[in-house]
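My notes follow in the order I took them.

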Amino acid sequence: SKGWLQFEKEKLVDGVMANALSYVVKPYKIKRDHLRDKLKNDKNIEEFEMHQIRKQIKKIQKEIRKQSQRSPLDIYQEAEEHIDWLEVSATHMEGSKSYLECEIMWKNCMSISVNKKRPTKEEDARLVDLVQKHNGENWDLIAEELQTGRTAVQCFERYQRHLNEHLRKSKSKSDFLNSNIEHNRNYSDLYWTPEEDEELIKVVETFRVGNFIPWNQVCCPN
């Protein structure tokens, strides 16, 4: 699958937020439509009851407008577990991205509930502690315990690119081993054979979904 273009990301945001709002106001619309049907189809309805029903409909319409004016974050958080990704894919992305690609891109990169601020030193230190606690394996749990609104992907990328001392300090295998002579026997195991590299590529391609790689499954496929 091709990467996401900017206009596709914008369409995804519009689609998710429209779907979230639809979920939030759905109960009100169901009740409103029921009352409208009653007005239209009940031939024996009294004038007083008709007046009361119209008042209820106006009240519901007002509530729908009120719900629509809530902050996008409030609306999304209420509907977060109920987003219809099939509808987002088919209606808003017009099938250009699968429902799974939409869900993964949103949850890992674009969700308005994801913390996109620069990590603090305290957060980095906490992340390092959690990676050590979980042996760098369960990134979903690491992100959850970090409690700073980061996704598993964000935690993984932050650690590997900026906080993993083994990767940061060595530009090559020889540099790494020479700078850690007293630990050569242990650290040499960090470097992969060509056969291992080839196997990793195969596993990654097996689990890859578009541009997203679920590293938890890659590391622990069983």
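I looked up arginine 150 and found its side chain joined to that of glutamate 123 by a polar contact of 2.7 Å (a pair of N or O atoms within 3.5 Å, one able to donate a hydrogen and the other to accept it; residues adjacent in sequence count only if both atoms are side-chain atoms). This is a predicted model: local features need pLDDT of at least 70, side-chain atom pairs pLDDT 80 or more, while totals for chains, interfaces and linings use all residues. Numbering starts from 1 along each chain as its sequence is written, and side-chain values use heavy atoms, without hydrogens and water.

Arginine 150 lies in the loop between α7 (139-146) and α8 (152-163). I note it as buried because its relative accessibility is 11% (buried is under 20% relative accessible area, with a 1.4 Å probe and protein chains only). Not counting residues up to four places away in sequence, arginine 150 touches several residues, including Lys116, Arg118, Ala143 and Cys155 (contact is heavy atoms within 4.5 Å).

Next I checked glutamine 67, in helix α2 (residues 47-68). Glutamine 67 also counts as buried, at 10% relative accessibility. Its side chain has a polar contact of 2.6 Å with that of arginine 70. Leaving aside neighbours within four places in sequence, I list Leu21, Val24, Val25, Tyr28 and Ile75 as contacts of glutamine 67.

Last, I looked at helix α1 (residues 6-41) and helix α3 (residues 72-79), which pack at about 70° with axes 9 Å apart. They are therefore roughly perpendicular (65 to 115 degrees). Among the residues making the contact are Val24 of α1 and Ile75 of α3.

Conventions: Axes are lines fitted to C-alpha atoms, for helices over the stretch in contact, and angles run from 0 to 180 degrees between N-to-C directions. Helices (H or I, at least four residues) and strands (E, at least two) are DSSP runs, numbered from the N terminus. Angles under 35 degrees count as roughly parallel, over 145 as roughly antiparallel, 65 to 115 as roughly perpendicular and the rest as oblique. Buried means under 20% relative accessible area, exposed over 50%, partly exposed in between (1.4 Å probe, protein chains only).
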